[in-house]
Amino acid sequence: MKKMKLVLVGNGPAGARTLEELLKLAPELYDITVFGADPQPEGHRLPGGPAGGPTAEETAASPFRQWCRDHDIVLHTGKKVVEVDRLRRIVRAADGTEAAYDRLLMCTGSLPFLLPVPGRDLEGVLAYHDSADTRAIHEAAETFRNAVVIGGGLPGLEVASGLLMRGMRVSVVHAANWLMDGQLDDVAGGLLRQALEARGMRFLMNARTQALVGDRYDGFGGRVKAVRFQDGGEVPADLVVMAVGIRPNVELARRMRLHCEHGIVVNDTLQTITDARIYAVGECAAHRGIAYGRAALDEQARVAANHLAQVGIGRYLGSPTSAQLKVTGIELFAVGDVMGGEGTETLVMSDPFSGVYKKLVLRGDKLVGACLYGDTGDGSWYLKLLRDSRGIGNIREQLMAGHDKVTAQPDDPSAQGRFAHASSHARLEQDGSCRITLPLADGHISSAQLRRIADVADRYALPAARIADDRSIELPGIGRADLEAVWHDLGLPPGQVCMEALRMAETCRSDD
Ligand SMILES: Cc1cc2nc3c(=O)[nH]c(=O)nc-3n(C[C@H](O)[C@H](O)[C@H](O)COP(=O)(O)OP(=O)(O)OC[C@H]3O[C@@H](n4cnc5c(N)ncnc54)[C@H](O)[C@@H]3O)c2cc1C
C-alpha cells in the first residue's frame, strides 16, 4: 500500500513526542519528513541548559537524529520553513528544499518576549531560548563578570543558577514581590529566595527596568554596561539575559492563513480549525484559548498521534500546568491554583527546621492546587489527583501526610472496603484451585470489607471464607480461571500465585 506523507515543521520536543507516539501506533502509515530551523536536532533547551550548550559532536550524535535514521525519517535541521502551499500541499524551506504532504504537523513552539526598553539591541543582551542563546551565554560567562537576569520565573532562575555556577556575579531583577509569582505563593517564593541568596545570588524585587545602558560615550551603543530602573537606580551588567516570557510562534501559521489567536487555534483532536489536514501541538497551539507549555506536551502528542494514526478519536481537554525547578539542591514543585481564594480551603504544613513547606488548595472535595518546597516526593501524586479531577473524599485527613499514608484511593467505587495488599497473596492448592489470604489491619475488618468478601463468595460460588487467625482471612476454592477477576473484585491488583509446597511465608506480590 502506498504510504501517506507526513511533514513535521519544528524540531522541538512537541514534534518529537508526537512522532514517537505515532510510530508506536502506525509505524507503516506515513513517509515522514521533519524540518527544523534549529541546527540542534531536538529538545535543545533542556539538556545542558545554561551550564553549556550542545557541542558540534553532541549535535551530530543526538539521539533524535539517530532515532530518525532508525525509522527512515528524513530530518532537515537548520532549515526554516518559510512557505506552505495549502492548495498543492507543499512545504518549502528558506534554502528551497521542498516536501509534499498529506498531513502536516505544526510544532513551531514559541519565541522569547523581549522587554521593549531602550538598549535591548546592545551587544551582550540576550534571550534564553534556543541553542544559539545558550552558546552565547556560555561564551559571555567565560569573559565577563557581572550578569543580570531579568525575570525571576522558572527559566530566569535556571539560567541565573547556571551563570552563578560559572563564576559570574549574578543579580536577578524581578517585577513582582516574590519569585516565580505565577506558580508559587509568597511563602514558597520567599524560601526559594533565601536558598538562592545563600548561594550568592542577588535579587532586586519590584524593580521596573527602564533602559539598558551601553558602554559607548553616550550610553546608547556598544556593549551593555548597566541596567537602569524606573526609580533611577542602576546595577552594573556586562551580560543581560531577558527571561520575561514567551509568545507562541505563529509567524508561519499566519502566513499560511491558519486561524491564530493567542496561538494556532486547534480543536480537541489537535487539528487546526482552519484545515483538517493540519495539526498543531505544543507551545504554538492554542486549545480553548490556552497555549500550554511542556506539561501538556505528552497528552497533546498522544491525542494528535492517535488521530494521525487513524486508530480512533481521543480528545484533549486541557491540562493543569505544573512547575519544577531544575536547580541542584532545591526541591520545588507547584501545580494548579496555589493561591486559593473564595470558595477554596487551604491546608498548610510548615516545618522551618527541616525547610519543608507544603500547601494544598481544595475546592469542595477536589484538590485544585499544590505547592511543595523542600520535599517534593508527593508532587506526582498530587498532580495525578488534580489531573484526574478525583474527589478526595475519605483521604482528606491523610492528604497532607502524602501518598504513602493513604492506602485507599478516593472516589473509586472499588476503594470501598479495599484491603491493604502488601501481604495478600494466592496459593495454588493440590486440587488446582487457589486460596487467597487477605490481611486484616490490627485484626479488624470493616462492614464494607465483609460485604465485599460476601459478594465475591456469592459471585464465584466459593465454598466459604475462613478466619485463618486474628490477622488474616482466607478465601479458598477459587478456580484458576477466576483468579484475576477475584483479585479485581476484591479491589486488589492481580498478584503472583505461590505453590503451596514452597510455603512462601510473607508476600508473593510486589507492591505497586
Ligand atoms: C530557558 C528555558 C528553560 C526551560 N526549562 C524547562 C524545564 O525545566 N522543564 C520544562 O518542562 N520545560 C522547560 N522549558 C519549556 C520547554 O522547553 C518548552 O515547553 C518546550 O520546549 C516546548 O516544546 P515545543 O516543541 O512546543 O517548542 P520548541 O521547543 O520551541 O520547539 C519548536 C521548534 O520549532 C522550530 N521552528 C520554529 N519555526 C520553524 C519553521 N518555520 N521551520 C522549521 N522549524 C521551525 C524551532 O527552531 C524549534 O526548534 C524551558 C524553556 C526555556 C526557554
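Select Leu 462. Set aside its neighbours within four places in sequence, and Leu 462 is in contact with Ala 457, Leu 475, Gly 477 and Ile 478. Contact here puts the two C-beta atoms, placed from the backbone, within 7 Å. Leu 462 sits in the loop between helix 10 (447-459) and strand 28. Helices (H or I, at least four residues) and strands (E, at least two) are DSSP runs, numbered from the N terminus. Leu 462 counts as buried because it has 21 C-beta neighbours inside 10 Å. The cut-offs are 20 or more other C-beta atoms within 10 Å for buried, 12 or fewer for exposed, and partly exposed in between, with C-beta atoms placed from the backbone. Now draw a distance to Gly 479: the residues are 17 apart in sequence, and their C-alpha atoms are 9.0 Å apart.

A note before moving on. Residues are numbered from 1 along each chain as its sequence is written. The model is predicted, so local features need pLDDT of at least 70 and side-chain atom pairs count only at pLDDT 80 or more, while totals for chains, interfaces and linings use all residues.

**Strands 27 to 29**

Select residues 466-469 and 472-478. These are strand 28 and strand 29, which pair antiparallel over 3 bridges. Pairing requires at least two DSSP bridges between the strands. A hairpin of 2 residues links strand 28 to strand 29. Asp 469 has Ser 472 of strand 29 as its bridge partner. Strand 27 runs antiparallel to strand 29, joined by 5 bridges. Here Pro 439 is the bridge partner of Ser 472 in strand 29.

**Another hairpin**

Strand 23 (345-351) and strand 24 (356-363) are antiparallel, with 7 bridges. Val 348 has Lys 359 of strand 24 as its bridge partner. The hairpin leaves 4 residues between the strands, and Gly 355 in the turn has a positive phi of about 70 degrees.

Most residues other than glycine have a negative phi. Select Arg 257, where phi is near 65 degrees. Arg 257 lies in the loop between helix 7 (251-255) and strand 18 (264-266). Arg 257 is exposed, with 11 other C-beta atoms within 10 Å. Then select Gln 310, with phi near 60 degrees. Gln 310 is in the loop between helix 8 (297-308) and strand 21 (322-324). Gln 310 is exposed, also with 11 other C-beta atoms within 10 Å.

**The ligand shell**

The shell holds 30 residues, and Gly 10, Gly 12, Gly 109, Gly 282 and Arg 294 come nearest. A residue is near if its C-beta atom, placed from the backbone, lies within 6 Å of the molecule. Colour helix 1 (13-25), strand 2 (30-36) and helix 5 (154-165): these elements give two or more residues to the shell. Helix 1 gives the most, with 3 residues. By class the shell has 11 nonpolar, 12 polar and 7 charged residues. Ala, Val, Leu, Ile, Met, Phe, Trp, Tyr, Cys and Pro count as nonpolar; Asp, Glu, Lys and Arg as charged; the others, Gly among them, as polar. Where does the shell lie? Domain 1 (4-110 + 247-308) and domain 2 (125-244) both give residues to the shell, so it lies between them. Domain bounds come from an automatic or database assignment.

**Ala 160**

Stay on helix 5 and select Ala 160. Ala 160 counts as buried because it has 29 C-beta neighbours inside 10 Å. Beyond residues up to four places away in sequence, Ala 160 touches Val 149, Val 170, Val 172 and Met 201.

**The cores**

Select Val 149, Val 240 and Val 241. In the largest nonpolar core, of 67 residues, they touch the most other members. Domain 2 (125-244) and domain 3 (331-411) both give residues to this core, so it lies between them. A nonpolar core is a set of buried Ala, Val, Leu, Ile, Met, Phe, Trp, Tyr and Cys residues joined through C-beta atoms within 7 Å. Leaving out neighbours within four places in sequence, Val 241 contacts Leu 126, Tyr 128, Ile 137, Ala 147, Val 149 and Val 159. Another core lies apart from this one, with 51 residues, including Ile 32, Tyr 101, Met 256 and Val 266.

**Zoom out**

Show the whole chain. There are 11 helices and 30 strands. Buried residues make up 40% of the 512 residues. Among contacts with a separation of 6 or more, 60% join residues 24 or more positions apart.
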